[in-house]
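Here's a quick briefing to read alongside the model. Take a look at the structure first, then go through the points below.

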Amino acid sequence: MGHISVEVGSALGLHARPATIIADTVQAAGIAVTLSLPGGKPIDAGSGLMIMTLGASKGTTVIVTSEHQPTLERIADLVAADLDAD
């Protein structure tokens, strides 16, 4: 299973808006993806509510894990992006 470590790019961290964008993308892909903090328990990235429970603020390292490389890279890119920017 592949994984990528990225820093949260959204100015306000993984709150409702970025969490929903990430979860919707995972659900649309239909591929299992998890997010975790280093040393933490992995959560289902297809759930915006679960993503928000990470409490990840801007700059926090998040580990994105999936067996499907293109989806893994897409979700890692979203976590690293500023999804609060218009």
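Start with Ser36: beyond its neighbours within four places in sequence, Ser36 is in contact (heavy atoms within 4.5 Å) with Lys41, Pro42, Leu54, Thr61, Val62 and Ile63. A heads-up on what you're viewing: this is a predicted model, where local features need pLDDT of at least 70, side-chain atom pairs count only at pLDDT 80 or more, and totals for chains, interfaces and linings use all residues. Residues are numbered from 1 along each chain as its sequence is written, and side-chain values use heavy atoms, with hydrogens and water left out.

**Ser36**
- Ser36 sits in strand 2, residues 33-36 (strands are DSSP E runs of at least two residues, helices H or I runs of at least four, numbered from the N terminus).
- Ser36 counts as buried because its relative accessibility is 8% (buried means under 20% relative accessible area, exposed over 50%, partly exposed in between, with a 1.4 Å probe and protein chains only).

**Helix 1**
- Helix 1 covers residues 16-29, and its buried residues are Pro18, Ala19, Ile22, Ala23 and Val26.
- These residues lie on the same side of helix 1 because they cover an arc of only 125 degrees around the axis, taken from the directions from the helix axis to the C-beta atoms.
- The buried residues pack against strand 2, helix 2 and helix 3.
- Turned away from that buried side, you'll find the exposed Gln27 and Ala28.

**Gly46**
- Gly46 lies in the loop between strand 3 and helix 2, and is buried at 11% relative accessible area.
- Outside its sequence neighbours up to four places away, Gly46 touches Ala23, Val26 and Gln27.
- Gly46 and Gln27 are 19 residues apart in sequence, yet 5.5 Å apart C-alpha to C-alpha.

How values were computed
Expected span 1.5 Å × (residues − 1).
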